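Visitor: I am new to this one. Could you show me how to read its features?

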Amino acid sequence: MAYITSSVEYAIHCLLFLVNNEDKPLSSKDLAELQGVSPSFMAKIFPKLEKAKLVLAQEGIRGGYLLARPADEISFLDIVNAIEGEKPLFECQEVRGKCAVFNSAPPDWATHKDNSFGKE
């Protein structure tokens with residue numbers, strides 16, 4: 001099962017279209033047509049991007065969406081979290097506590113959060 005859904009991919013493409021549109025707003029309908037998907041599918045993506053403060057909605061007859069901040073301040077993780085919500089990438093198995101190198105008795109520095117790696 002894919003962790004990142006197609007909604008993230010379409011969101012990335014939409015944001016790229018907005019970057020290249022020279023500060024002219026694009027509607028979710030226009031962005032749906034550019035990518036060959038239904039406007040209703042795209043309409044579910046943009047509220048999430050707006051809530052995450054990645055885009056701004058501009059109302060009116062020439063309204064649409066603009067980037068909320070410069071493109072170089074938007075990370076891939078920002079987009080994934082906006083669409084998918086913040087989720088862990090994996091379930092921690094606490095492998096440090098089971099490591100064969102330490103004969104199942106790892107030193108404190110290997111299993112505590114401060115992780116100073118033996119440095120005092």
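This is a predicted model: local features need pLDDT of at least 70, side-chain atom pairs count only at pLDDT 80 or more; totals for chains, interfaces and linings use all residues.

Visitor: How is a pair of aromatic rings described?

Guide: A pair of aromatic rings is described by the distance of the centres and the angle of the planes. A search of the whole structure here finds two such pairs.

Visitor: Where do Y10 and F41 lie in the chain?

Guide: Y10 is in helix α1, residues 6–19. F41 is in helix α3, residues 39–51.

Visitor: Are Y10 and F41 buried, exposed or partly exposed?

Guide: Y10 is partly exposed, at a relative accessible area of 23%. F41 is also partly exposed, at 24% relative accessibility.

Visitor: How are the rings of F46 and Y65 arranged?

Guide: The F46 and Y65 rings are stacked, because their planes are at 25 degrees and their centres 4.3 Å apart.

Visitor: Are F46 and Y65 buried or exposed?

Guide: Both F46 and Y65 are buried.

Visitor: Now the loop residue. Where is L26 found?

Guide: L26 sits in the loop between α1 and α2, the latter being residues 28–35. L26 counts as buried because its relative accessibility is 13%, and buried means under 20%.

Visitor: Which residues is L26 in contact with?

Guide: Set aside neighbours within four places in sequence. L26 is then in contact with F17, L18, N21, L31, G64 and Y65. The C-alpha atoms of L26 and R62 are separated by 8.3 Å. Along the chain, L26 and R62 are 36 residues apart.

Visitor: How are two packed helices described?

Guide: Two packed helices are described by the angle between their axes and the distance between the axes. Here, α1 packs with helix α4, residues 76–84, at an angle of about 125 degrees. Their axes are 9 Å apart. That makes α1 oblique to α4. The crossing of α1 past α4 is right-handed.

Visitor: Which residues in α1 and α4 meet?

Guide: From α1 come S7, V8, A11, I12 and L15. They meet F76, I79, V80, I83 and E84 in α4. The residues of this contact divide into eight nonpolar, one polar and one charged.

Notes:
Residues are numbered from 1 along each chain as its sequence is written. Side-chain values use heavy atoms; hydrogens and water are left out. Rings of Phe, Tyr and Trp (its six-membered ring) pair if their centres lie within 6.5 Å; planes under 30 degrees apart count as stacked, over 60 as edge-to-face and the rest as tilted. Helices (H or I, at least four residues) and strands (E, at least two) are DSSP runs, numbered from the N terminus. Buried means under 20% relative accessible area, exposed over 50%, partly exposed in between (1.4 Å probe, protein chains only). Contact means heavy atoms within 4.5 Å. Axes are lines fitted to C-alpha atoms, for helices over the stretch in contact, and angles run from 0 to 180 degrees between N-to-C directions. Angles under 35 degrees count as roughly parallel, over 145 as roughly antiparallel, 65 to 115 as roughly perpendicular and the rest as oblique. A crossing is left-handed if the near helix is turned anticlockwise from the far one by less than a right angle, and right-handed if clockwise. Ala, Val, Leu, Ile, Met, Phe, Trp, Tyr, Cys and Pro count as nonpolar, Asp, Glu, Lys and Arg as charged, and the others, Gly among them, as polar.
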